[in-house]
Amino acid sequence: METKEKRLQEYKFEDYKIVTNFETYKDAEIYAKENDGRLIEVGFVDGADNPVENSKANLILDKKPFRVELPYHHYDVYYSYDETFQDLAKTLQYQKKEANSDMLLEDVLSDQNLAGDRIIIVDNGVINTITTRERIKFLMGGNLYELGVKVPI
């Protein structure tokens, strides 16, 4: 299982670093407090590898750890922190097991919780793909907006 420290990503600049990839807003708040940092919003836009300060997604106001922006405006995006995401994930798992004739009573009754930074993209009511933050940035041509902590070095 991945620890919070291993999950975080650091980007070092001349006199500060930006830490990203927080699972929750609360995690970012705690990290900022413990490391004398401050919450900021950053964007990985136009295929950039490094974050730039960008508050377009209103993450601090909405208390969300990340959002994505796809170049295809007709898609609906569901984040792992949304209740709708968990409902879609459970439906997907059930359909996959049913299609594979792999239904066991324990599977139906167990809590199969898909978590982490997963994102479900839906096109006209049909699930198009399940993806991650990194895939959005590099493979899908989207913009990723993340909550970050700016820490002096």
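This report describes strands, cores, a helix and selected residues of a predicted model.

Three strands make up an open sheet with the order 6-7-8 and antiparallel pairing. Strand 6 (75-79) and strand 8 (126-131) are the edge strands, each pairing on one side only. On average, neighbouring strands of this sheet are turned by 25° against each other, when direction is ignored.

Strand 7 comprises residues 119-123, and five bridges join this strand to strand 8, the two running antiparallel. One of the residues involved is Ile119, whose bridge partner in strand 8 is Thr131.

In soluble globular proteins, nonpolar side chains tend to be buried together. The largest nonpolar core in this model has 14 residues, of which Val68, Ile119, Ile121 and Ile136 touch the most other members. Two or more residues of this core come from each of strand 3 (38-44), strand 5 (66-69), strand 6 and strand 7, and the largest share, three residues, is supplied by strand 3. Apart from this core lies another, of nine residues, which includes Tyr25, Tyr31, Leu147 and Val149.

Ile136 illustrates how the surroundings of a core residue can be made up. When residues up to four places away in sequence are not counted, Ile136 touches Val68, Leu70, Ile119, Ile121, Thr131, Gly141, Gly142 and Asn143. Among these are Val68, Ile119 and Ile121, which are named together with Ile136 as the core residues that touch the most other members.

Helix 2 spans residues 25-34, and its buried residues are Tyr25, Asp27, Ala28, Tyr31 and Ala32. Seen down the axis of helix 2, these buried residues fall within an arc of 160°, and therefore they line one face of the helix. The face turned away from this buried side carries Lys26, Lys33 and Glu34, which are exposed.

Most residues other than glycine have a negative phi. Asn21, in the loop between strand 2 and helix 2, has a positive phi of about 75° although it is not a glycine. Asp36, in the loop between helix 2 and strand 3, likewise is not a glycine and has a positive phi of about 55°.

A polar atom of the Asn143 side chain lies 3.1 Å from the backbone nitrogen of Asp46. Leaving aside neighbours within four places in sequence, the residues in contact with Asn143 are Phe44, Val45, Asp46, Arg67, Val68, Glu69 and Ile136.

## Asp62 and its contact with Arg67

Asp62 is found in helix 3, which covers residues 59-62, and is partly exposed, with a relative accessible area of 34%. Its side chain makes a polar contact with the side chain of Arg67, at 3.0 Å. With neighbours within four places in sequence left aside, Asp62 is in contact with Ala57 and Arg67; Arg67 is also among the residues in contact with Asn143. Asp62 and Tyr25 are separated by 37 residues in sequence, and their C-alpha atoms are 9.3 Å apart in space.

Conventions: Residues numbered from 1 in each chain as written. Predicted model: local features only at pLDDT ≥ 70, side-chain atom pairs only at ≥ 80, totals over all residues. Heavy atoms only, no water. Pairing = 2+ DSSP bridges. Helix = DSSP H or I, 4+ residues; strand = E, 2+ residues; numbered from the N terminus. Axes fitted to C-alpha atoms, helices over the stretch in contact; angles between N-to-C directions. Polar contact = N/O pair within 3.5 Å; in protein donor to acceptor, adjacent residues only side chain to side chain. Contact = heavy atoms within 4.5 Å. Buried < 20%, exposed > 50% of the residue type's maximum accessible area, 1.4 Å probe, protein only. Core = buried A, V, L, I, M, F, W, Y, C linked by side-chain atoms within 4.5 Å. Arc of directions from axis to C-beta.
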